Amino acid sequence: MLTIWGRLNSHNVKKVVWLAEEMGLAYDRRDVGGAFGMDEAYRALNPNALIPTIEDDGFVLWESNAILRYLAGTRGGEAFYPVDARVRALADRWMDWNFTWADAIRPIFFQLVRTAPEARDAALLERSVARAASLSAILDDVLGRQDWLSGDAFGIGDIPVAAYANTWFQLPVERPSRPNLERWYAALRERAPFRDVVMIPLS
């Protein structure tokens, strides 16, 4: 059985569990990191001391996007990992662009969810909201031309961006209107794995 190590309130763990649920995979998820700590046995699997990590029939892999590609490539078929290299690359692009998106949203999340009000950095929060709002225009533009970031159908290119988009939409900040992005987010909310795995309370 596939084993997934990582606490579910981690964005990167959410991505992997969400894909596993989308593909109907059997897996055993084990809480690691944050309040659950990290023992030496886990650190032996992942020398970065980060989450998630998977083990699949003796094969150990870390880095969430590498895990997504591995699961899609070994189990997802054409729906999740197209044979056409150009089609696949278009989804891959958004997986890598997500590092920019996540870097903008992460400070907002930490300031509003994990920092006491009296300790918050108002200037950092303002800069981060402005940056995320600017990046959301890029998403809105492409989603005005196609239904999903992965192309005509939902795929792994949508997953990393959506994990942080959910946080963006849940955080109590002022957001500009982005009709196409909002349409995409509404479509994501129709997917039970997204609701069950990603749309949990922020913590």
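Visitor: Hi! How many residue pairs are in polar contact across the interface of domain 1 and domain 2?
Guide: Hello! This is a predicted model, and in it five residue pairs make polar contact across that interface, both partners being at pLDDT 80 or more.

Visitor: Which helices supply the side of domain 1 that touches domain 2?
Guide: Helices α1 (11–22) and α3 (64–80) each give at least two residues to that side. The largest share comes from α1, with six residues. Sorted by class, the side of domain 1 that touches domain 2 has four nonpolar, three polar and five charged residues.

Visitor: Let me step back. Where does the chain divide into domains?
Guide: Domain 1 covers 2–73 and domain 2 covers 85–195. Their centres, taken over C-alpha atoms, are 22 Å apart.

Visitor: And how many residues are in contact between domain 1 and domain 2?
Guide: Twelve residues of domain 1 touch 18 residues of domain 2.

Visitor: What area is buried between domain 1 and domain 2?
Guide: About 1,400 Å² is buried between domain 1 and domain 2, and carbon and sulfur atoms give 65% of that area. On the domain 1 side, H11, W18 and R69 supply 48% of what that domain buries, more than any other three residues.

Visitor: Why talk about area at all?
Guide: Interface size is often given as the accessible area that is lost when the parts come together.

Visitor: OK, salt bridges next. How many does the rule find across the interface of domain 1 and domain 2?
Guide: The rule finds three there, and the count by this rule comes to eight salt bridges.

Visitor: Which residue does R69 meet in a salt bridge?
Guide: R69 meets D92, with N and O 3.0 Å apart. D92 counts as buried because its relative accessibility is 18%, under the 20% cut-off. R69, at 21%, counts as partly exposed.

Visitor: New topic: is N46 buried or exposed?
Guide: N46 is buried, with a relative accessible area of 2%. You'll find N46 in the loop between α2 (40–45) and β3 (53–56).

Visitor: Which residues is N46 in contact with?
Guide: Leaving aside neighbours within four places in sequence, N46 contacts P52, T53 and W62. A polar atom of the N46 side chain also lies 3.0 Å from the backbone oxygen of L50.

Visitor: You mentioned P52. What is the peptide bond from I51 to P52 like, cis or trans?
Guide: That bond is cis, with omega near 5 degrees. P52 lies in the loop between α2 and β3, and A49 is found in that loop too.

Visitor: What is phi of A49?
Guide: Phi of A49 is near 55 degrees, a positive value in a residue other than glycine. A49 is partly exposed at 24% relative accessibility.

Visitor: And what about phi of D57?
Guide: D57 has a positive phi of about 55 degrees, although D57 is not a glycine. D57 lies in the loop between β3 and β4 (59–62) and is exposed, at 78% relative accessibility.

Technical notes. Residues numbered from 1 in each chain as written. Predicted model: local features only at pLDDT ≥ 70, side-chain atom pairs only at ≥ 80, totals over all residues. Heavy atoms only, no water. Domains from an automatic or database assignment. Contact = heavy atoms within 4.5 Å. Buried area = accessible area lost by both parts, 1.4 Å probe. Salt bridge = Lys/Arg side-chain N within 4 Å of Asp/Glu carboxyl O. Polar contact = N/O pair within 3.5 Å; in protein donor to acceptor, adjacent residues only side chain to side chain. Helix = DSSP H or I, 4+ residues; strand = E, 2+ residues; numbered from the N terminus. Nonpolar A, V, L, I, M, F, W, Y, C, P; charged D, E, K, R; others polar. Buried < 20%, exposed > 50% of the residue type's maximum accessible area, 1.4 Å probe, protein only.
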